[in-house]
Amino acid sequence: MASEPEARLRDWSPADAWRGLNKPVFIPAVLIIVIGLIFATIWGSANGADAFETLNSTIVDTIGWWYVLIATGFVVFALWAGLSKAGNIRLGRDDEKPEFSLGSWFTMLFAAGMGIGLVFWGVAEPLWHFIAPPDVTGSTGMDANGEIVSASEATLSGTAMGQAAFHWGLHAWAIYVVVGLGLAYMTFRRGRPLSIRWLLEPIFGRKLIESWVGHVIDVVAIVGTVFGIVTSLGIGTQQIAAGLGFMGWIEDPANTVLLTAIIVIIMAIATFSVITGVNKGLKWLSNFNMVIAALLALFVLIAGPTLFLLQSFVGNLGEYFMAFPQLMFETGANYVGGDEAGWSADWTIYYWGWWMSWSPFVGMFIARISRGRTIRQFVMGVLLAPTLVSLLWFTIFGSSGIWYQMTEGVMVQDGNIDTVGATFTLLEQLPLASITAVVAILVIAIFFVTSGDSGSLVTDVLAYGGRTDTPKLTRVFWTVFIAITAIVLLAAGGEAADAALRVLQVTSIAAAAPLSIVMVLAVIAQVRMFNYETATMPRYVRIRPTASKAALVDTARSAPGGGDSAPGVHRNLRSILSGQRTALKGFLGNTSATLAGLDKPTSKESGISTPFASDDMVFAIQDVPSHSTTVNPETGTIGWDEDAAFNDPIADEVFETPEFAESASGQQWESEQIYDEAVSNGDVEPTDPKTTGDKTQR
């Protein structure tokens with residue numbers, strides 16, 4: 001298991017790859033995915049075009065309320081973790097500095113916030129909310145004849161942007177915080193392997209986590225991750241095909257053979273990226289793509305309705321703040337004039353399922369880049385930076401699409417929106433459309449490559465039980481397997497792009513169901529851990545054993561013989577300090593040389609090059625619950641029972657892994673061993689084992 005020293009696995013050795021795999025995780029995960037693909041194929045062929053519409057309605061009616069409830073709960077948890085005392089906990093050792101600079105960290109968060117989905121929905125989603133709004137915001141009431149009175153275009157344009165921002169804002173990133181923060185804490189602070197199962201160790205304990213319970217958790221994470229990534233790859237493939245059709249290079253963008261060919265070509269590139277390594281191909285592609293995506297957005301901002309977009313950004317921020325409380329518990333919103341709860345199912349519940357499917361993937365990424373940051377920095381950065389990036393992207397592309405629809409009526413044809421081609425329809429309204437369309441295709445294709453590459457790496461790490469140095473052979477396997485999964489799911493939807501998109505949506509919502517339970521348990525586990533840490537966290541305070549210098553001088557001046565005479569003030573001041581020294585010595589005895597008023601040690605006496613400051617010292621103070629205190633009947637002194645005071649859910653566990661050795665728990669355990677050895681070999685009387693921490697491996 002993960003606690004054993006890792007032996008080097010050869011990259012292209014099937015025997016080594018098979019030996020290193022956590023087979024109780026790998027085999028069930030692959031089988032479940034294959035069974036899901038078989039079901040999707042049979043269900044689609046047996047029930048026709050409406051097959052997945054029916055399945056989607058069934059799933060949404062059953063668990064949609066659960067998704068809406070826990071997604072909002074995740075926002076509450078993230079804000080509590082960031083704003084409470086837990087925010088002071090460092091994701092690493094207490095003296096550890098952030099691994100990446102603030103600028104680099106925000107850039108990588110920006111990269112995580114961008115993706116195929118944002119490019120795909122950037123124009124289409126606000127337009128859909130504009131022409132088919134939910135009844136909770138899209139209508140203002142009924143007239144005398146019982147007809148719905150719709151809001152004005154200006155009102156709808158604002159609410160449409162607020163609804164899009166709601167789906168890509170705090171809720172989405174709070175879902176990622178749950179997994180990312182838990183992984184960063186358990187790995188970098190507590191020294192656990194980088195695997196989803198260890199998020200729940202505070203609940204189940206190490207023995208169960210290393211048993212079938214942990215295997216089930218990692219299987220759920222792999223299945224959810226694969227289907228979440230496949231959803232993104234599927235919509236990316238459709239958009240690339242739409243771009244090729246826009247350029248006139250192909251005739252039928254919805255052709256299944258064409259979509260299959262695109263997946264094969266792009267994933268072949270992703271496979272090459274896997275082989276070359278993360279620090280070469282993947283890193284270069286990611287950085288390059290961020291630049292051209294930013295340039296594309298800047299071009300649309302300048303070439304499009306610039307003033308309108310600048311004004312809209314501020315307005316859209318306000319619309320988001322209004323949409324947030326209005327929609328955060330909304331589970332059954334209809335389309336205006338609709339009879340069924342279609343809007344919440346098509347948008348909010350789908351998105352929450354998609355984000356949860358992606359959470360192991362994105363969570364592991366943001367955990368990896370956040371070592372050394374405090375929980376407060378992590379939460380505020382992960383919640384706010386990508387939310388603002390998403391809002392900016394939707395403002396540039398979504399508000400532009402709405403503007404061209406309101407002014408020229410070119411974005412909506414016959415009451416319908418070409419979802420997969422909306423981005424290219426917008427670019428057609430701007431100069432250099434043939435060039436910017438190629439750039440957009442390139443951005444989508446590179447996101448396709450990096451998503452497939454990174455997704456295969458994450459699933460491979462999970463399949464090896466948290467081991468980060470995995471063979472290239474299994475990385476290639478996951479890349480090919482993810483590509484095959486995307487091909488089968490697109491084929492299950494048939495030639496219609498809308499039907500294929502529905503298949504992908506259903507897949508994400510269904511795959512997130514078991515993962516949502518893991519995430520709720522992860523929140524409970526983190527609350528337990530953070531409460532324990534904050535209860536045992538030392539408070540560093542400044543204690544002044546004397547009054548301020550100004551107060552002492554004023555007292556010396558007002559005493560007899562003081563006044564304006566410098567010698568008198570000096571004499572009185574020395575007398576006050578001498579009396580204070582005696583008083584403190586009588587109160588504190590000899591427990592503290594400085595606080596007792598004894599002469600402060602010189603550098604020669606103390607061995608310290610710099611003496612203490614004359615008016616302050618710093619102490620570490622820990623709050624002790626009153627129920628854990630005891631009184632010694634012989635001396636009357638106060639003691640305490642640490643076991644009664646605090647309960648570390650994962651105490652006394654030691655791992656022979658690099659993660660543990662580099663973590664805060666590992667450093668503490670090593671220091672305790674050194675201390676115990678020192679006092680056992682010398683004349684110093686060791687303290688109670690409870691306070692020194694006898695935490696050897698059992």
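**Salt bridges**

Mentor: Let's start with Arg-206 and Glu-210, whose side chains meet in a salt bridge at 3.2 Å, N to O. The term covers a side-chain nitrogen of Lys or Arg within 4 Å of a carboxyl oxygen of Asp or Glu. Keep in mind that this is a predicted model, where local features need pLDDT of at least 70 and side-chain atom pairs count only at pLDDT 80 or more, while totals for chains, interfaces and linings use all residues. Residues are numbered from 1 along each chain as its sequence is written, and side-chain values use heavy atoms, with hydrogens and water left out.

Trainee: Is Arg-206 buried or exposed?

Mentor: Arg-206 is buried, with a relative accessible area of 11%; buried means under 20%, exposed over 50%, partly exposed in between (1.4 Å probe, protein chains only). Glu-210 is partly exposed at 23%.

Trainee: How many salt bridges does the count come to?

Mentor: The count is 14 salt bridges.

Trainee: Which residue does Arg-189 form a salt bridge with?

Mentor: Asp-94, with the closest N and O atoms 2.9 Å apart. Arg-189 sits in helix H8 (residues 170-189) and Asp-94 in the loop between helix H3 (51-83) and helix H4 (102-113), 95 residues apart. Helices here are DSSP runs (H or I, at least four residues), numbered from the N terminus. Arg-189 is buried at 9% relative accessibility, whereas Asp-94 is exposed at 59%.

Trainee: And what about Arg-197 and Asp-218?

Mentor: They form a salt bridge too, the closest N and O atoms being 2.8 Å apart. Arg-197 is buried at 1%, and Asp-218 is buried at 0%.

How values were computed
Helices (H or I, at least four residues) and strands (E, at least two) are DSSP runs, numbered from the N terminus.
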